[in-house]
Amino acid sequence: MTDSQLIEQIRENNDLAFRALINKYKNLVYNTAFRLVRNSEDAEDIFQDVFLEIYKSCDAVRFEEDLTMWIYKIAYNKSISFLRRKNPAKVSKNDDDIADNQLNDNLIEKNNPAKQLEQKENISTLYQLIDQLPENQKKILLLHKFEGLSQKEICEQLGMSEHSVESLIYRARKNLKLKLIAYFKLNS
């Protein structure tokens, strides 16, 4: 069943279609939440909030919209809202900074503030540059790198050929590399 068919069935109160949607996007939602909040119980709470929001907002979905990106944005925004409610004093006004702080605490050397700052800035830059990629490349890169889906799983989920997925991953990496090189040349 395609995404548009799932949404149409959910609009008609078909619980099986909603379960199918949850099964299809559960990894994306949970992984996005966990990446940001770094706590499995909190990620599970956000997971439930996200799918409740999807169910309530199902009528607002336009079929020309990319459902994967729409769901990703809901999961991301719910996670950021959770972080704001949980600890408003530590939350920056910039969502990218919030995400970077949560995403990378375990990657950054705890005893070296200069190294911490440099790594956080680099990761923030990386996410900003990923956001600048064309939508199809960004979507594939998110599914492959953040969701951890194999090329074959991406093919099945998006109904694309393996060659198309492989090509999009290659172009996304190439474009991201060029953006990173340009950014670091400009800021060196």
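Asn13 counts as exposed, because its relative accessibility is 56% and the cut-off for exposed is over 50%. In this predicted model, Asn13 sits in the loop between helix H1 (3-11) and H2. Its phi is positive, about 65 degrees, although Asn13 is not a glycine. Most residues other than glycine have a negative phi.

Arg38 is another non-glycine residue with a positive phi, here about 60 degrees. Its place is the loop between H2 and H3. With a relative accessibility of 35%, Arg38 counts as partly exposed.

## Overall fold

What secondary structure does the protein contain? It has nine helices and zero strands. The pattern along the sequence is accordingly written α-α-α-α-α-α-α-α-α.

The protein has 188 residues, and 36% of them count as buried. Its accessible surface comes to about 11200 Å², with 49% belonging to carbon and sulfur atoms. Taking contacts between residues at least 6 apart in sequence, 57% join residues at least 24 apart.

## Aromatic pairs

How many aromatic pairs are there? The count comes to six aromatic pairs. One of them joins Phe18 and Phe51, whose ring centres are 6.4 Å apart and whose planes stand at 80 degrees, so this pair is edge-to-face. Phe18 belongs to helix H2 (residues 15-37) and Phe51 to helix H3 (residues 40-57); the two are 33 residues apart, and the pair links distant parts of the chain. Both Phe18 and Phe51 are buried. Ring pairs also tie Phe18 and Phe51 into a cluster with Phe47 and Tyr55.

Tyr183 and Phe184 form another edge-to-face pair, with 5.2 Å from centre to centre and 85 degrees between the planes. Are these two residues buried or partly exposed? Tyr183 counts as partly exposed, at 29% relative accessibility. Phe184 also counts as partly exposed, at 35%. Both values lie between the 20% and 50% cut-offs.

Cys58 lies in the loop between H3 and helix H4 (67-86). Its relative accessible area is 3%, so Cys58 is buried; the cut-off for buried is under 20%.

Which residues does Cys58 contact, leaving aside its neighbours within four places in sequence? They are Ile7, Ile10 and Arg11. Helix H1 spans 3-11. Glu8 is 50 residues from Cys58 along the chain, and the C-alpha atoms of the two are separated by 8.6 Å.

## Packing of H7 against H9

Helix H7 (residues 135-146) packs with helix H9 (residues 162-186) at an angle of about 100 degrees, and the axes are 9 Å apart. H7 and H9 are therefore roughly perpendicular to each other, a class that covers angles of 65 to 115 degrees. On the H7 side, the contact is made by Asn136, Gln137, Ile140, Leu141, His144 and Lys145. On the H9 side, it is made by Val165, Leu168, Ile169, Arg171, Ala172, Arg173, Asn175 and Leu176. By class, the residues in this contact are seven nonpolar, four polar and three charged.

Val165 lies in helix H9 and is among the residues that make the contact with H7. Val165 is buried, with a relative accessible area of 0%. Apart from residues up to four places away in sequence, Val165 touches Ile140, Gln151, Ile154, Cys155 and Met160. Ile140 is itself one of the H7 residues in the helix contact. The C-alpha atoms of Val165 and Ile140 are separated by 7.2 Å, and the two residues are 25 apart along the chain.

Lys177 also lies in helix H9. Is Lys177 buried or exposed? At 55% relative accessibility, Lys177 counts as exposed.

Technical notes: Residues numbered from 1 in each chain as written. Predicted model: local features only at pLDDT ≥ 70, side-chain atom pairs only at ≥ 80, totals over all residues. Heavy atoms only, no water. Helix = DSSP H or I, 4+ residues; strand = E, 2+ residues; numbered from the N terminus. Buried < 20%, exposed > 50% of the residue type's maximum accessible area, 1.4 Å probe, protein only. Contact = heavy atoms within 4.5 Å. Areas by Shrake-Rupley, 256 points an atom, 1.4 Å probe, with all protein chains shown as cover. Axes fitted to C-alpha atoms, helices over the stretch in contact; angles between N-to-C directions. Parallel < 35°, antiparallel > 145°, perpendicular 65-115°, else oblique. Nonpolar A, V, L, I, M, F, W, Y, C, P; charged D, E, K, R; others polar. Phe/Tyr/Trp six-rings, centres within 6.5 Å; stacked < 30°, edge-to-face > 60°.
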